[in-house]
Amino acid sequence: MHLKSQFRYHARPIAFSLILVIIVIGGLSLILPTSPESGVALEEVPYYQLPFDPDAAGDPRPFWPSRMQTATGQFADPEAIPSSTQCATCHQREFDEWLPSLHAYAGIDNVYEKTVEANEDLLRHGVEQGRFCEGCHSPAELLTGRTNRFASVMPSDAAAEGVNCIACHTAVHADPEQGNGALTLTLETSLDQLSGPLLVAAPRDHARAFGAERTNELIKTSALCGGCHTEILDASMSQSSEPHYAQATFQEWQGSWYEENDVTCQDCHMAPDPAGYVRHLRNGHITKPERYTHRFVGANYLLFDTSLGSNLAFLRGGFLAGMDKARQLELIAQQGEATRALLRAAAGLELRDIRQEADALHVDIAVQNLGAGHNLPTGVLDQKHMWLELRLRDTEGRIVFHSGAYDADTGNVDATAVRWMEIFRDSDGQPILDHLTFRTAAIDWERKTIPPRSEDVVGYDIPLPETGDSSYTLEAQLWYTVALPELLFNNLRVEMPVPPFELTALSAEITRP
């Protein structure tokens with residue numbers, strides 16, 4: 001009883017004192033002088049190369065041909081950029097979600113690294129040409145001045161993290177129409193100087209500095225994503241005399257049912273259950289997710305395939321430094337499940353027509369984009385593509401017609417396959433199969449990708465013997481892959497067929513008309 005009485009007696013003074021402390025700390029955060037900008041001037045980065053012409057105003061373009069830039073045009077100080085591990089101190093759940101994502105590995109995975117190196121060898125500006133790639137794959141690496149033939153800037157944990165927390169959370173402007181990393185980051189000016197009790201006293205200042213949903217409209221928009229998920233090849237980084245879209249994901253979303261109904265990139269790819277949310281939209285329910293995660297679930301099933309064993313670690317470029325490997329593998333496996341589920345929610349197949357034409361059976365298959373808010377497939381489509389495999393079996397199960405067969409030994413698909421993909425061509429018109437974008441002079445389509453909520457009807461004329469079965473089994477599979485075998489062999493020196501992923505399939509018993 002005595003202790004309770006003492007507590008009641010002192011409760012008000014204690015509460016008043018706590019409130020007073022918070023007010024004082026909050027006031028100090030307002031009146032104390034702000035820290036000076038931590039930007040680094042161009043002349044302070046030794047041996048930094050500027051091989052490209054100045055802009056229209058005559059100013060140097062230190063980050064070109066990437067359109068990524070800082071708000072002041074200065075370099076960011078690598079020592080001042082917080083690593084995502086620092087953010088994890090308070091945001092552990094978000095960190096664990098981000099950790100296995102391809103955003104975290106965007107700057108270190110070997111598929112990217114070796115392909116950039118192969119591209120840099122093609123043009124006279126070498127490493128500096130690679131700034132085009134680093135802007136989106138490793139913003140901190142670019143903006144601290146490390147993408148240079150003379151690496152005079154010390155490395156940092158943040159620069160090795162690919163697309164980390166601050167890459168998105170310090171973005172204040174995006175130009176998705178221009179793409180190629182067209183984002184402005186305030187790395188050198190908005191780095192949070194609050195810590196400990198000051199942060200507790202002024203959480204809104206912390207949220208404002210790091211682009212929280214409530215303080216920065218850009219963080220919620222597809223425009224933020226479009227800054228990088230639009231890729232245009234021009235004379236700065238290719239052999240083309242006119243611009244060509246190498247990636248048009250944002251433009252595919254624009255004007256679609258999804259944009260019209262305010263369904264953003266974040267709504268699907270940052271939903272807790274992306275596949276479930278896509279099915280939710282397919283059923284006509286247009287509501288926002290209850291919360292957003294930082295998993296960024298996409299379509300690259302290969303880099304989440306834990307059955308690849310050591311090959312997975314090699315393709316990913318190892319594991320993030322300082323993180324428990326077993327925990328990372330666990331999170332990668334979970335991300336893989338979500339990725340495969342999302343892919344299966346995107347597409348559909350439907351048998352539309354069967355008719356006899358002379359000595360052939362004509363079959364129409366509708367390939368449907370049911371759940372993607374962009375074209376199906378999307379991304380860098382000289383590598384990522386899908387194809388349709390069709391088989392016709394007789395009553396004995398023998399295959400009497402086969403198109404789109406996959407060779408598991410070589411990773412190749414037969415020449416009769418119907419494929420939705422781009423073909424990059426060099427100045428001689430020859431196809432480029434290993435993503436050497438800097439050699440690209442033209443881009444054409446094998447078959448154009450399917451817009452949101454649309455379909456592409458594929459017709460087959462299947463020759464049939466004059467006499468034979470009157471009934472058959474028709475089997476169709478829609479396959480997806482993220483890379484051609486030439487990419488891994490030429491750039492990584494790995495002879496590894498890329499296992500495809502089945503998006504959807506159908507089977508039907510048909511009677512010969």
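Guide: Two remarks on the source come before the details. The model is predicted, local features need pLDDT of at least 70, side-chain atom pairs count only at pLDDT 80 or more, and totals for chains, interfaces and linings use all residues. Residues are numbered from 1 along each chain as its sequence is written, and side-chain values use heavy atoms, with hydrogens and water left out.

E97 counts as buried because its relative accessibility is 10%; buried means under 20% relative accessible area, exposed over 50%, and partly exposed in between (1.4 Å probe, protein chains only). Leaving aside residues up to four places away in sequence, E97 touches R291, T293, H294 and R295, where contact means heavy atoms within 4.5 Å.

The strands come next. An open sheet of 3 strands runs in the order β1-β3-β2, with mixed pairing; two strands pair if DSSP finds at least two bridges between them. Its edge strands, each pairing on one side only, are β1 (69-70) and β2 (171-174). The pairing of β2 with strand β3 (residues 183-185) is antiparallel and extends over 3 bridges, and A171 has L185 in β3 as its bridge partner.

The loop between β2 and β3 contains N180. The phi of N180 is near 55°, a positive value in a residue other than glycine, and N180 is buried, with a relative accessible area of 5%. Another positive phi of about 55° belongs to D262, which is not a glycine. D262 lies in the loop between α12 (257-260) and α13 (265-269) and is partly exposed, with a relative accessible area of 47%. As background, most residues other than glycine have a negative phi, and most peptide bonds are trans.

The peptide bonds themselves also deserve attention. W64 and P65 are joined by a cis peptide bond with an omega of about 10°, and P65 is in the loop between α1 (2-31) and β1. A cis peptide bond also joins L376 and P377, with an omega of about -10°; P377 belongs to the loop between β7 (360-369) and β8 (385-393).

The loop between α1 and β1 also holds F63, which pairs with F75 in the loop between β1 and α2 (84-87), so that distant parts of the chain, 12 residues apart, are linked. The ring centres of F63 and F75 are 5.4 Å apart and the planes stand at 85°, so the pair is edge-to-face. Rings of Phe, Tyr and Trp (its six-membered ring) pair if their centres lie within 6.5 Å; planes under 30 degrees apart count as stacked, over 60 as edge-to-face and the rest as tilted. In total, the structure holds 12 aromatic pairs.

A further ring pair is formed by F250 and W253, which is tilted because the centres are 5.6 Å apart and the planes lie at 40°. These two residues are 3 residues apart in helix α11 (residues 249-253), and therefore separated by about one helical turn. F250 and W253 are both buried.

Another antiparallel pairing joins strand β4 (residues 230-233) to strand β5 (residues 244-248) over 4 bridges, with H244 in β5 as the bridge partner of L233. From β4, T230 and I232 point one way while E231 and L233 point the other, and all are buried.

Last comes a pair of helices. Two packed helices are described by the angle between their axes and the distance between the axes. The axes of α4 (residues 110-120) and α17 (residues 485-492) come within 9 Å and cross at roughly 65°; axes are lines fitted to C-alpha atoms, for helices over the stretch in contact, and angles run from 0 to 180 degrees between N-to-C directions. On the α4 side N110, V111, K114, T115 and A118 meet L487, L488, N491 and L492 of α17. By class, this contact has 5 nonpolar, 3 polar and 1 charged residues; Ala, Val, Leu, Ile, Met, Phe, Trp, Tyr, Cys and Pro count as nonpolar, Asp, Glu, Lys and Arg as charged, and the others, Gly among them, as polar.
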